[in-house]
Amino acid sequence: MNNIPRRSVLAGLAAVPVVGLAACGSDGAGSSGGTSLGVSVGRQPYAAGNSPITQYMFENQLFEEAAAEYGYDLTVEYQDFPSAAPQVEAMLADRLDFGMWGNTPVVRSSAQDQAVSVIGVGEGSMRFLLVTRKDSGITDIAHLEGKSVGVTIGGDPHLCLLQMLEAELGTNDVEALGISLVDTPSPAAAAQVPQGVDATITIHPAYLAEIAQNDNVIAVANSYGQTEDGYSGELGEGAGHHYPSADESTFAPEGFYAHRSFWVTRDAMIDEHPDVVSAFLQAQQTAISALMEMEGADVASLVTEYWGEDVEAGARIVEDELLFRRGWPWATNGDGQVLLKLSESLHTAEVIDAPLTWEDTVAIFEQASEPAGTAYDSAESAPAPEEFEVTDTDDARGAPQWELDGWEAP
């Protein structure tokens, strides 16, 4: 086990095999006297909050430390993935133990009855941006009629666009609006607003990286229901104006669109090593608590390899992150409701044949509810129970995962 690299990078689908539980785990006694086990963790470091959180876990061996409290001598390999797709492949082949997936693979996993469950929130509330070239003439969402828009078909950018159109134009029927969708393979490519499209939807980290070297692109609006620097219209000029239509959105109070990514694991891991699942979540809480004591720029400085050297720009990503605003990684009733609504958006976009039912949604969280509760208790019950029920926030909360009996449908 000692020759396993502590961290490796998976640049694409044809990736180096992941060394995980199925390959290197054992139930023998480790050097410290605990049960020796090897696990692999897949993350998406070019995205948002999961990047500094897992980096802090890696650098401080928080997962190993938490697992030792449960009697495990754990060896952890962190793997960097560009997206969820190769993680899905690796996990279904029993080559990955923990993964950070967006809503689309989570919903598809449920529809295909795969033995994978959500154990907690990986990141949330990433800022999605409507971006265009400065000379395009597009200064408002309404100006997208008759235009070509680059999105990742079936992914968050696609769904975010549909919600923007529904709220501002009264329909998300792109054909009726004369909008041509162009599949854009990555957030970085979308941030460039390549020739052949008039505008794109991209993520905040990719946009910040692009404008650091390209002064010809500009954001017009964001998924929070706010205008950006390139806006000009009835609401005024520039950034900071609120779209009233966002208050009537399916995803209100979070804006036009509510982003969530989730930590998942194989059901076999939960069945065979529930305490390791608890240890992972406990390590997440420890990392979040520590990072919240730091300045945003200092948090961003942990991941300049991924977010770039401009730590002040990185601090804006930290400021947006749901887990840093909440202060905890636990999944709630509100997160379940968001996932259900996201599945409905996926159905509208014809990505899946049918949306989740509420029963389907609850089942995605059920398998890991007990380990999640154990982790919460072990993490000194942070936050206080009443924090889950706070309603005057810009994120949907409610009863936590270990209180599924109290979950209610939207």
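Is Phe-98 buried or exposed? In this predicted model, Phe-98 is buried, with a relative accessible area of 0%.

**Aromatic pairs**

- The structure holds 19 aromatic pairs, and one of them is stacked, because the rings of Phe-98 and Phe-280 have their centres 4.7 Å apart and their planes at 15°.
- Since Phe-98 lies in strand β4 (residues 98-102) and Phe-280 in helix α10 (residues 274-291), this pair ties together parts that are 182 residues apart in sequence.
- Phe-280 is buried as well, with a relative accessible area of 0%.
- The rings of Trp-330 and Tyr-376 form an edge-to-face pair, because their planes stand at 90° and their centres are 5.9 Å apart.
- Trp-330 sits in the loop between α14 (322-326) and α15 (333-348), while Tyr-376 belongs to helix α17 (residues 369-378), so that the pair links distant parts of the chain, 46 residues apart.
- Trp-330 is buried at 2% relative accessible area, and Tyr-376 counts as buried at 6%.
- Ring pairs join Trp-330 and Tyr-376 with Trp-328, Phe-388 and Trp-402 in a cluster.

**Two loop residues**

- Ser-223, in the loop between β10 (217-222) and β11 (232-233), is buried, with a relative accessible area of 1%.
- Beyond its neighbours up to four places away in sequence, Ser-223 touches several residues, including Met-126, Cys-160 and Tyr-257.
- Asn-216, in the loop between α8 (204-211) and β10, counts as partly exposed at 33% relative accessibility.
- Leaving aside neighbours within four places in sequence, Asn-216 is in contact with Thr-132, Arg-133 and Lys-134.

Note on methods:
Residues numbered from 1 in each chain as written. Predicted model: local features only at pLDDT ≥ 70, side-chain atom pairs only at ≥ 80, totals over all residues. Heavy atoms only, no water. Helix = DSSP H or I, 4+ residues; strand = E, 2+ residues; numbered from the N terminus. Buried < 20%, exposed > 50% of the residue type's maximum accessible area, 1.4 Å probe, protein only. Contact = heavy atoms within 4.5 Å. Phe/Tyr/Trp six-rings, centres within 6.5 Å; stacked < 30°, edge-to-face > 60°.
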